[in-house]
Amino acid sequence: MRTIRSAFCTFALLVLAAMAGTPAVAQGNPIKIGAILPLTGSGASYGVWMKGGAEMAAEEINAAGGIAGHKLEVIYEDHAADASKAVNAMRRLVEVEKVPFSLTSYSAPTLAIQPIAAQSKVVIMNGGGQSDNLADKDYLYNNIPVVSNEVGVIAEWLAKDRNLKSAVLIVANDEAGRNSAKTFRERYGAAGGKVLAEEQVALDGTDFRAQLAKLKARGGDLLYISSYGRNVSIIADQARELGMTIPLAGTSWVLVPETFKSKGAEGMLVTKLPFDPSSAFAKKFKDKYKTDAGFFAVQYYTATRIFAKAAEEAMKKHGGALTGEGVKDAIESIRAFDTISGKLVFQANHGAVMDIEVGALKGGKVAVDKIIKAAH
Amino acid sequence: MTAYLAHFLVMVAIYSILALSLNLLIGFSGIFSLAHAAIYGIGAYASALAALKLGVGFWGGMAIAAAVGALASALVAIPSLRVAGDYYVVASFGLQVVMLAVFMNWTDLTNGHAGLPGIPRPNLLGWSIDQPFEYVFLAGFFALLTWAICRRLTDSAFGRVLQAIRDDEIAAQAMGKNVVLVKIVVACISSALGATAGSLYAHYITYINPSSFALHESIFIATLVILGGSERLTGPVIGAFVLLAIPEALKFLAIPDAVAAPMRQIIYGALLVLFMLVRPEGILGRARARPR
Amino acid sequence: MDLLLQLAATGLVVGSLYALCALGWGLIYGTTLHFHVAHGAVFTLAAYYAYVAQKLLALPLVVAIAVAIIAAALSGILIDLLVYQPLERRGALRTTLFIASLGLLTLIENLLAVVFTPDPLRMDIGWLSGPVQLGPVFLTRLHLVSVATAAAGYFALMAFLKHTRWGQAIRAVSSSPDMARTVGIDLRRAHLLTYAVGSAITAPAGILIAMDVGVEPYRGTTFVLLASVAVIMGGIGSIPGAMLGALFLALLENLGVWKIPSEWQSTISFGVFLVFIVLRPRGIFGRKIQSAEI
């Protein structure tokens with residue numbers, strides 16, 4: 001029918017016109033940065049912390065007059081743990097919004113957008129992903145230590161202090177999970193432990209009984225969970241359901257609300273990165289977002305503040321102009337930043353180091369056994 | 001923003017190729033395949049790996065993609081086309097699921113969930129096709145080429161055999177046409193063309209991972225064909241244009257990102273149902289005589 | 001050996017769920033020849049009905065389940081009444097109907113995702129989550145209930161088809177619609193009945209898996225396509241075939257991971273399917289088919 005055809009044609013032309021006519025971003029007034037975060041999906045609880053931290057930082061910065069008088073505006077994008085979505089978001093931020101900087105999260109999405117960052121000279125800062133492959137990459141800075149630091153600590157502690165000499169692994173089938181498992185094998189082996197078997201799981205899966213049954217049949221002194229987000233609590237509960245009584249272990253990734261609530265995860269042996277739940281920051285976060293703050297909230301608050309400082313420096317140096325390259329140079333020259341958790345020093349490999357705590361999950365909290373100080 | 005418009009046009013061109021190639025199966029042969037996203041993915045991975053691991057340029061990569069796509073399709077088509085249409089639907093679904101598992105789990109080859117970043121942009125005799133608008137011309141060229149190939153095919157004697165099979169398979173067989181062979185050939189051509197779309201995609205976005213080639217993508221490509229009208233060649237292209245414009249229109253309504261994706265799917269699903277009830281031949285199709 | 005027994009037990013539990021799906025889908029397909037992929041949406045809707053009944057309407061679990069099954073049966077009837085029957089009246093091709101069904105599946109799943117979010121929602125199952133240990137095999141009470149439900153469903157369906165007038169009407173339509181019409185069976189009513197029974201028998205599967213691992217909007221697509229594989233392998237038009245096909249598929253998938261890495265689980269079903277249709281396209285119990293009949 002003619003009418004359907006013309007209706008669709010008109011619709012299509014309108015959309016085209018709108019796209020072509022969208023005005024270019026005006027320079028000079030608000031400073032826009034991106035934030036590519038897991039706002040939905042299996043990691044949504046991290047997203048709440050990350051977005052909250054960044055938002056709080058931006059509000060405080062703007063309340064104090066902004067960055068060299070310019071308002072800071074954060075554009076939030078959701079990658080939902082899918083690197084393709086992160087790539088699309090990054091393209092939009094770089095090509096349309098023309099940001100000089102973006103916050104990023106998770107290992108695979110960050111690795112996927114890094115070539116774009118390097119090519120377009122836009123700085124990306126990661127406060128959450130921990131794959132070892134995130135180190136030493138152009139235009140990518142990590143204000144969180146790569147996972148091998150934590151894995152190294154827990155592997156040694158489990159083998160030596162706890163005398164758990166053999167392990168079975170359950171691993172998330174993505175970059176972060178696999179990378180961490182690889183490091184665990186190396187460090188656990190070096191500390192005298194032996195890995196008996198490994199099974200892979202999907203991050204957004206809900207039934208892991210086949211994998212757990214296979215691992216149970218192999219025995220072992222502990223089940224190491226190289227995974228994160230929502231599926232950790234499911235793994236813990238189903239492992240117990242299948243009659244697996246050996247201790248569970250994992251790095252700080254596993255510390256999400258679902259895990260704290262899970263009965264199966266009680267007693268889990270974990271590493272933890274420093275976070276003070278009684279700090280002024282934590283109180284302010286809880287008041288504003290009606291939920292407990294976590295380590296990642298501080299991370300993204302800090303990353304945003306680091307950007308603000310670097311941007312000010314860059315604008316001072318280049319007569320008010322702000323580019324990604326300028327921000328990068330500023331980070332490199334400042335190097336040591338004051339944060340609410342103490343001094344943060346970016347290493348030569350664009351990463352950070354922190355103290356690491358080890359302990360057990362008891363009643364929704366981590367009972368710390370030992371603290372390994374960071375070597376600066 | 002003109003960069004935005006250029007991006008839109010490149011995606012329309014790529015999806016046009018996918019829709020035109022799937023239309024050879026659905027519209028012209030009456031074979032409904034749910035595996036086109038897997039073919040798209042096979043093309044993307046083949047081309048990306050050729051570039052990243054073997055240093056093969058874009059053009060060589062595209063040729064490899066087409067060959068691998070055709071081969072994969074032949075493997076599935078041969079057993080299932082011997083039987084019947086509904087069996088092919090289920091078998092194509094199977095191919096889709098298996099290929100996704102391969103993309104995700106054969107990590108030594110595909111890098112699994114983490115995907116393949118840093119795929120190089122195409123190079124035409126030393127001139128690197130970098131700018132969005134340059135890519136519009138490249139993608140547009142291949143879309144036109146695909147259209148021309150499909151046109152040649154459907155207007156030829158082979159095309160008439162296809163339509164005969166679509167309209168009445170038993171009669172076509174009675175007339176001595178080797179129905180199974182013809183179907184396998186058209187499946188291979190369709191996949192070769194679909195795989196080239198994958199190649200274009202990989203070298204454009206410069207990053208691929210398994211999530212772009214899942215079942216919902218197959219359903220989306222089928223929707224493009226069906227809505228646009230499967231009997232004429234311009235139908236799938238119009239379908240691509242309109243359906244890609246819908247999410248852009250949604251953006252102006254400031255719908256939160258988390259809801260936008262399922263919302264798009266609701267619209268596609270609703271359109272499919274409505275069109276089948278009201279106008280099964282799609283936007284551009286000729287109205288069929290409706291028997292009472 | 002312990003592992004094998006555990007995997008076989010899991011296979012039996014999952015097979016029970018596949019069976020309920022296959023019985024329902026197979027009944028509908030065998031009788032109406034509709035490739036009703038939207039059956040996956042009915043499967044998913046049943047779970048959401050149960051969740052809403054329990055969590056939002058605060059009904060006791062058993063009542064919630066009963067309500068959900070009835071609502072699912074009604075949903076199946078509505079789909080036939082509002083979409084498939086109008087299409088048939090217009091002389092639509094089978095492919096057209098399939099496409100509409102696909103559209104419905106996509107529409108309903110995503111509508112649920114928007115309303116309830118795509119995250120899994122947990123129901124309260126109380127004592128059903130209690131552990132049961134049978135020798136070296138660890139299950140929950142819910143798993144035993146799943147197996148019992150599938151067995152009960154199968155025998156109930158067989159009894160219904162053999163011994164009730166309505167059941168016989170459905171069988172008549174299934175074996176020959178023209179003959180059925182000749183003896184005075186109203187095809188439209190028979191179809192609606194088929195949809196009611198088919199949806200009602202699959203609904204418990206959706207509800208049971210939701211009680212086990214949570215209610216999710218996108219699970220139905222996988223289940224309905226596995227159900228169609230089971231029905232084809234078992235032989236179209238055969239109820240025992242559908243049951244056997246489903247159990248066979250589930251056991252294959254679960255025992256397969258004994259040796260094959262578990263991430264390749266889904267590949268097993270389709271690999272076997274392709275082998276089957278090359279070697280024995282009519283399935284275990286199916287009628288002999290012509291190449292272009294389906």
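## A pair of facing residues

A:Gly250 sits opposite A:Val270, which belongs to strand E10 of chain A. Two strands count as paired here if DSSP finds at least two bridges between them, and helices (H or I, at least four residues) and strands (E, at least two) are DSSP runs numbered from the N terminus. Strands E9 (residues 248-250) and E10 (residues 269-272) of chain A run parallel, with 2 bridges joining them.

Before going on, a word about what you're looking at: this is a predicted model, where local features need pLDDT of at least 70, side-chain atom pairs count only at pLDDT 80 or more, and totals for chains, interfaces and linings use all residues. Residues are numbered from 1 along each chain as its sequence is written, chains are lettered from A and ligands numbered from 1 in the order in which they are written, and side-chain values use heavy atoms, with hydrogens and water left out.

## The seven-strand sheet of chain A

E9 and E10 are part of an open sheet of 7 strands in chain A, in the order E7-E6-E8-E9-E10-E13-E14, with mixed pairing. At its edges are E7 (194-201) and E14 (365-372), each pairing on one side only. From one strand to the next, the twist averages 25°. For angles like this, axes are lines fitted to C-alpha atoms (for helices, over the stretch in contact), and the angles run from 0 to 180 degrees between N-to-C directions.

Helices pack on this sheet too. Helix H5 (residues 147-161) of chain A touches E8, E9, E10, E13 and E14, and its direction makes about 145° with that of E10; contact means heavy atoms within 4.5 Å. Helix H8 (residues 231-241) of chain A lies across E6, E7, E8 and E9, at about 160° to E8.

## The five-strand sheet of chain A

Chain A also has an open sheet of 5 strands, in the order E2-E1-E3-E4-E5, and here the pairing is parallel. E2 and E5 (140-142) stand at the edges with a single partner strand each, so one side of each has no neighbour in the sheet. Within this sheet, E3 and E4 (residues 123-126) pair over 4 bridges, and A:Thr104 has A:Asn126 in E4 as its bridge partner.

Which strands does helix H2 of chain A touch? H2 packs on E1 (31-37), E2 and E3, and makes about 170° with E2. Helix H12 (residues 324-334) of chain A lies across E3, E4 and E5, running at about 50° to E4.

A:Arg92 and A:Glu77 form a salt bridge, their closest N and O atoms 2.8 Å apart. The term means a side-chain nitrogen of Lys or Arg within 4 Å of a carboxyl oxygen of Asp or Glu. A:Arg92 is in helix H3 and A:Glu77 in strand E2 of chain A, so the pair ties together parts 15 residues apart in sequence.

Most residues other than glycine have a negative phi. A:Ala68, in the loop between H2 and E2 of chain A, has a positive phi near 50°. A:Lys98, in the loop between H3 and E3 of chain A, has a positive phi of about 55°.

## Where chains C and B meet

Over in the other chains, 46 residues of chain C are in contact with 40 residues of chain B. On the chain C side, helix H4 gives the largest share, 15 residues.
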